[in-house]
Amino acid sequence: MFSAADSAFMARALRLARRGLATTTPNPRVGCVLVAAGAIVGEGWHERAGGPHAEIRALRAAGARARGATAYVSLEPCSHHGRTPPCVDALIEAGVARVVAAMEDPNPAVAGTGLARLNAAGIETACGLNEAEARELNVGFVSRMTRGRPWLRLKVAASLDGRTALADGRSQWITSREARRDAHAWRARSCAILTGIGTVRQDDPRLTVRDVPAPRQPLRVVVDSRLAIAPAAKLLEGGGALIAAAIDDPARIAALRARGAEVLVLPDGRGRVDLAALMAELGRRGINEVLCEGGARLNGALLAAGLADELLFYLAPCLIGDAALGMFDLPALADLGEKRTLEILELRRVGSDLRILARPLTPVPCPLTPAP
């Protein structure tokens, strides 16, 4: 169905799409390549919401050469009016002869209708080329469109014996500067950074992207059941932070709003924040990817609730000992058959540290560990 040339041009479209890795939110990352007589005549990628889509940029670059060309697009062209007109209309008007999409758009407003409209206009279409890579590139967008919540990635920096901090909470620095810079690149691609009140109290983090180029800053979200965050906390600087609480305390909420923060009261009935409700709310706000940089309690609560989609480990070549703090606060297991198994997707060295990207396999139900 697909030739070697098709695969090569789609690979180029996917590389272009990655240029929008940190800028397109809440939209998907999309690249487009126009090919005529075996040569690229135009290409483009979606840079940011409200700006031209990848197809439009490629068509502008190609001009009259787009007529009779094949368009390779990493995501099905849109067929609805959003901030910009439908890309299918532009492709039809330009006279392209064939459109190859890596995957259908999971957005219910599109979901196959883009390809159907192109077919109805006499344009040959094909879908599914390099689909797995295309889905990985937009894993958060797919999650939000199909599950109503963002893709949640837990980031953990630890020693080789799995310890994240000394017993008194001090953790700066276990991993190398190269690993911390790499973690900032993951921050940059995320729509939101999530942490718990324990981490805020101990480290007073800013939760901003600093070590890599940052065309925008992610939303900062704090799980703080009792609204214990100090109004002077660094992550409140500049406003725009989101505090998820379990109590409605007008005085504390007013103090946080005076600092430019928004407070959501999402109790779970047990005096804690309803984490599933928080994820659903972030999904409604157009958040595609969330990077959690919390402590063992929040990590354990998210994992136990089945909300953790991916784990990003940075393991430093050092040992800290059993008295130090661990990665996940989870109930004790009665049997090894209850262990949570992971699939390792990637293993690479970053500076002197080891970076592991893994995903939980079939979740094992266990009692929920309370969030902060």
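This is a predicted model: local features need pLDDT of at least 70, side-chain atom pairs count only at pLDDT 80 or more; totals for chains, interfaces and linings use all residues.
Close-up 1. Look for Arg 18, Trp 186, Arg 189, Glu 346 and Leu 357, which lie nearest its centre among the 19 residues of the lining. Helix H5 (131-137), helix H7, strand E13 (342-350) and strand E14 (353-360) each give two or more residues to this lining. H7 supplies the largest share, with four residues.

**Close-up 2. The largest pocket has a volume of about 1,200 Å³.** Its lining runs to 48 residues, and the ones closest to the centre are Ser 171, Thr 199, Asp 203, Glu 293 and Gly 294. Several elements give two or more residues here: strands E6 (151-159) and E7 (192-196), along with helices H7 (177-189), H8 (197-203) and H11 (296-304). What kinds of residue make up this lining? There are 17 nonpolar, 15 polar and 16 charged ones.

**Close-up 3. One cavity of 30 Å³ or more sits in the structure.** The volume of this largest cavity is about 70 Å³. It is lined by 16 residues, and Thr 24, Thr 25, Asn 27, Arg 29 and Asn 288 come closest to its centre. Sorted by type, the lining has five nonpolar residues, seven polar ones and four charged ones.

**Close-up 4. Helices H3 and H4 pack against each other with their axes 10 Å apart.** H3 covers residues 87-94 and H4 covers residues 113-120. How are two packed helices described? For H3 and H4, the angle is about 20 degrees, so the two helices are roughly parallel. Their crossing is right-handed.

**Close-up 5. Here is where H3 and H4 touch, residue by residue.** On the H3 side, pick out Val 88, Asp 89, Leu 91 and Ile 92. Across from them, H4 brings Gly 114, Arg 117 and Leu 118 to the contact. Which types of residue take part in this contact? Four are nonpolar, one is polar and two are charged.

Notes. Residues are numbered from 1 along each chain as its sequence is written. Side-chain values use heavy atoms; hydrogens and water are left out. On a 1 Å grid over the protein atoms alone, a cavity is a set of points where a 1.4 Å probe fits but cannot get out, and a pocket is an open set with protein on both sides within 12 Å along at least five of seven lines; lining residues have an atom within 4 Å of a point. Grid points are joined across faces, edges and corners, and a volume is the space filled by probe spheres set on the points. Ala, Val, Leu, Ile, Met, Phe, Trp, Tyr, Cys and Pro count as nonpolar, Asp, Glu, Lys and Arg as charged, and the others, Gly among them, as polar. Axes are lines fitted to C-alpha atoms, for helices over the stretch in contact, and angles run from 0 to 180 degrees between N-to-C directions. Angles under 35 degrees count as roughly parallel, over 145 as roughly antiparallel, 65 to 115 as roughly perpendicular and the rest as oblique. A crossing is left-handed if the near helix is turned anticlockwise from the far one by less than a right angle, and right-handed if clockwise. Contact means heavy atoms within 4.5 Å.
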